[in-house]
Amino acid sequence: MPTYRISESETRYSLIDPQLSKAGWKISDRSQVGIEIPVEGYDAAPSGGFTDYCLYRSNSEVLAVVEAKRTSRDPRVGKQQVLDYITAIERNQSFRPFAFMANGEDVFFWESDAAAQRHVAGFFSRENLERLLFLKQNGKPLNSVQIKSSIVDRSYQTEAIRRISEAIEKKRKRKALLVMATGTGKTRTIMALIDVFLRAHAAQKVLFLADRDALVEQAQTDGFKAHLPNESRSRIRTYSIDRTARVYVSTLQTLELCYDKFTPADFDLIISDECHRSIYNKFTDVLAYFDAIQIGLTATPAEYVDRDTFNFFDCDDRIPTFNYPFSQAVEEEYLVNFDVYAAQTKFQRKGIKGIDLTEEEKESLRKRGIDPEEIDYEGTDLERKVTNKETLKRQWEEFMDVCIKDSTGQLPGKSIIFAITHNHALRLAEAFDEMYPEHQGKLVQVITSKMERAPTLLDTFKKQDLPRIAISVDMLDTGVDIPEVVNLAFMKPVNSRIKFWQMIGRGSRSDETCKHFDWLPNRKKERFLITDFWENFEHFNMMPKEEEGAAQLPVLVSIFNARLLKLQLLLAQQPQPQSHGECSRTVQGASELVDDISRTIRDIRGLIRRIPLQSFSVKKAFKEVRDAWEDDFWNYITSDKIGFLKLKVAPLLRFVPHVRPAEEFFVNKMERCVLALLQGKELKPHIDSIREDVSLLPTNLQQVAERQVLINEMLGSDFWGGLTLKRLDDARDAVAPLMKYRRERPSLLFELGLDDIIDSRKWVLVRKGSEGGMSIAERKRACVSCGEENLIGALYETCRKILGAGTEREARERYNALCENERFTARQHRKAVRLLTRRWDHLMIHHRVPGLLRTINPVSITSALGLFLGRGFLGLASDLASDKTMFVSNTASKSVEKLLTHRRKLWEHSISAGTPIDVDRLRHSFQSAFRDFKAKY
């Protein structure tokens with residue numbers, strides 16, 4: 001019998017009693033659960049009424065009252081009734097009981113003197129209600145509790161805690177969203193917030209959730225252990241749950257497997273880290289199950305957080321409860337900003353076409369058995385369809401040329417290279433070791449989840465001097481805190497704007513958080529460098545946010561929608577009744593059509609039966625869709641019913657647990673093939689893809705060998721001639737379960753071995769004030785007529801032209817040409833040099849020097865001279881030191897000029913004598929002289 005047709009007494013016995021038992025209540029124990037208890041003075045006076053259930057404390061006081069209704073009625077119709085009951089009971093004990101309203105399907109919890117009723121996933125246990133009562137009776141205002149400065153000491157962190165407290169307490173919200181840029185102390189802020197909740201008796205049980213193991217471990221060690229050491233803590237495992245702890249940590253993946261072992265009220269406060277990745281599909285159900293105050297935490301810029309996340313955390317108008325963006329953190333010097341250098345090789349920009357290759361390159365390919373005429377690859381095919389070691393080497397050469405070095409100026413600072421795949425990472429490491437054998441393979445380390453002892457490799461990279469460069473695929477993209485990182489290199493295209501900004505966040509930690517200053521330029525961190533080999537900044541600048549690629553449908557939803565369309569197409573083939581009530585004659589194949597329709601309905605209903613009716617998210621929607629579970633619904637299918645199934649039922653398939661990806665994706669391919677057949681579309685692409693999957697089945701396995709005949713037929717051509725829907729459906733049902741045994745596809749990637757060059761170099765300016773807006777300015781377009789950015793741009797271009805020279809002579813020639821052809825006005829020049837001096841190391845990429853145009857700023861000349869010497873451009877340094885126009889102005893001092901001449905003679909003497917040049921001593925001498933000069937004038 002359908003549940004909505006049963007009586008109230010049957011509802012209580014069949015549905016509500018088991019639900020109370022699941023929450024730990026013993027229905028037969030009258031010291032725990034009272035049935036039909038009169039409420040008026042605890043006598044049987046009819047005017048007082050009877051409670052359906054009373055849930056008792058151990059001292060016989062009533063903790064909660066349950067008002068039950070039959071399933072066909074909304075439980076909230078008994079709201080006034082249960083209010084009268086708890087009001088009457090309150091007169092006979094020290095507190096007002098809690099209230100539940102239930103109908104076997106829905107349960108509402110009501111703390112009547114504090115908040116409105118709310119829909120909950122089930123009943124609360126006795127321990128839950130005792131804890132809630134304690135919090136209610138002993139709670140303090142959150143904002144009356146002093147925030148511990150030992151945990152957070154920054155004003156914005158304190159403000160974040162106060163904003164959340166205000167939303168929870170004054171606005172009576174139970175959810176909040178905290179957006180803080182990576183590196184601004186989210187973990188500390190959350191620990192301080194949890195501490196406030198615990199000391200205010202607003203929470204006793206706290207759960208920290210994340211979707212990655214590294215984030216959970218980080219919260220356990222760097223968070224709770226460091227800042228709340230006296231709180232008992234535990235990590236939730238599917239096989240082990242400690243009920244005595246106060247603070248818990250877990251991955252969402254683990255909790256998804258065991259959340260039904262908890263009651264909805266087992267936690268008072270839940271923190272969801274990087275929640276933008278969690279509020280979708282099946283994880284929504286996990287989070288919605290718990291009736292706790294929920295705080296979402298993310299580093300994703302607010303403008304990129306999706307609407308579903310804002311809705312889940314009750315943030316109106318897509319405004320977070322608190323937002324502390326990257327730009328503000330940089331402005332207030334809690335994070336460091338970055339420079340962007342973009343470069344691409346010829347093959348990346350123009351692709352690799354056989355027709356464009358030289359005869360020498362074509363001959364080289366022929367010797368290795370490759371037909372040049374078949375070479376036709378786009379730049380985006382590199383490391384996906386084809387690889388070229390020389391391209392990797394040119395990228396490494398460019399990176400090593402511009403990267404920020406450590407305090408010695410010899411080795412790169414800590415660097416993360418983002419690779420496309422694990423094999424691409426291995427090829428990058430191999431190319432580097434071939435180019436720089438002097439480092440003995442110790443400078444670079446591949447750190448991916450496929451490496452043996454990957455956590456140890458990551459820990460070594462964090463804490464040890466070597467390796468300096470980590471090549472990562474996803475593992476270091478997010479959630480990894482290495483403050484000393486000063487170089488990021490994108491050797492992969494990134495398609496997600498959210499992920500892109502998370503990756504950038506790996507380098508944003510400030511000097512204050514660093515521990516190993518020898519790894520930093522000049523022993524301090526003021527900026528970091530991004531080297532972009534795939535034009536990611538241009539990509540996200542030009543691509544509107546709404547075109548960033550739609551989220552992929554869950555595979556079961558895709559299969560369901562395909563089957564609905566299949567059903568619709570089959571129904572359209574049915575013969576239509578003729579006029580005068582006569583039916584059309586039976587058409588050929590009518591019986592096959594009926595069979596196809598019946599089989600399709602069976603398959604659709606099979607998917608519907610997989611929807612978990614015990615899911616809280618499904619329960620909330622079930623009243624609207626329950627007809628789809630009834631046989632009568634399927635007796636006559638209309639277009640309206642198909643629309644109903646697609647709009648209302650299909651979304652519930654995202655909550656199906658234990659999806660079998662290999663099997664489901666194969667089923668999806670078969671359904672797409674069926675649709676193409678029904679629609680008269682080209683079948684070959686579908687057939688080729690299905691055949692490829694089938695060809696990867698290992699026939700030496702017994703389970704596969706049993707289907708050997710069918711597999712051979714599908715790999716041949718006869719199977720695909722004269723196709724019928726039944727043949728495809730039968731093959732789908734037989735082969736899909738075998739897909740879990742499918743071998744990996746063989747790699748088609750091959751090495752070309754062609755020479756490549758860097759074809760494009762430029763600096764990229766990111767517009768200030770917004771993580772979202774990126775203003776791209778190529779240096780070749782920079783002018784010197786106005787504006788700070790243009791002045792910096794011209795200096796960048798000057799730097800590139802000089803440092804692109806292969807020899808000192810070529811560098812000197814370019815330097816002289818630039819001095820003659822690119823003159824600033826005195827005012828513009830002073831402004832540019834001031835900017836250059838203030839940001840010398842990061843702007844010029846450390847120990848690289850631009851050809852300074854004629855200037856009157858002595859401090860910049862000192863820096864330029866020292867850096868020329870450091871680069872070994874002795875001739876240029878000599879020119880700079882001897883050029884009187886660089887120093888003489890209307891305020892020049894003769895004593896300074898004499899000192900300069902004296903220093904130049906000492907320097908030239910050391911060169912002629914072949915003795916080593918003490919660059920630091922020479923630089924110090926000039927700096928002292930110019931300090932005197934500035935002090936005097």
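View 1. Strand S8 (residues 206-210) and S11 run parallel and are joined by four bridges. Strands pair if DSSP finds at least two bridges between them; helices (H or I, at least four residues) and strands (E, at least two) are DSSP runs numbered from the N terminus. On S11 there is also pairing with strand S12 (residues 293-298), in the parallel sense and over five bridges. Here Ser272 stands opposite Gly296 of S12.

Residues are numbered from 1 along each chain as its sequence is written, and side-chain values use heavy atoms, with hydrogens and water left out. Because the model is predicted, local features need pLDDT of at least 70 and side-chain atom pairs count only at pLDDT 80 or more, whereas totals for chains, interfaces and linings use all residues.

**View 2. Strand S11 (residues 269-273) is mostly covered**.

**View 3. Six strands form an open sheet in the order S1-S2-S3-S4-S5-S6**. The pairing is mixed. Strand S1 (33-38) and strand S6 (118-120) stand at the edges with a single partner strand each, so one side of each has no neighbour in the sheet. Neighbouring strands are turned by 30 degrees against each other on average, direction ignored. Axes are lines fitted to C-alpha atoms, for helices over the stretch in contact, and angles run from 0 to 180 degrees between N-to-C directions.

**View 4. Strand S2 (residues 50-56) runs antiparallel to strand S3 (residues 62-68)**. Four bridges join the two, and Tyr53 has Val66 in S3 as its bridge partner. Helix H1 (residues 8-22) packs on the sheet, touching S1, S2, S3, strand S4 (98-102) and strand S5 (107-110); contact means heavy atoms within 4.5 Å. The direction of H1 makes about 10 degrees with that of S2. Arg12 lies over the face of Tyr53, 5.7 Å from the ring centre (NZ of Lys or CZ of Arg within 6 Å of the ring centre and within 35 degrees of the ring normal).

**View 5. Phe100 and Phe109 form a tilted ring pair**. Their ring centres are 5.2 Å apart and the planes lie at 50 degrees. Rings of Phe, Tyr and Trp (its six-membered ring) pair if their centres lie within 6.5 Å; planes under 30 degrees apart count as stacked, over 60 as edge-to-face and the rest as tilted. Phe100 is buried at 0% relative accessible area, and Phe109 is buried at 1%.

Note on methods. Buried means under 20% relative accessible area, exposed over 50%, partly exposed in between (1.4 Å probe, protein chains only).
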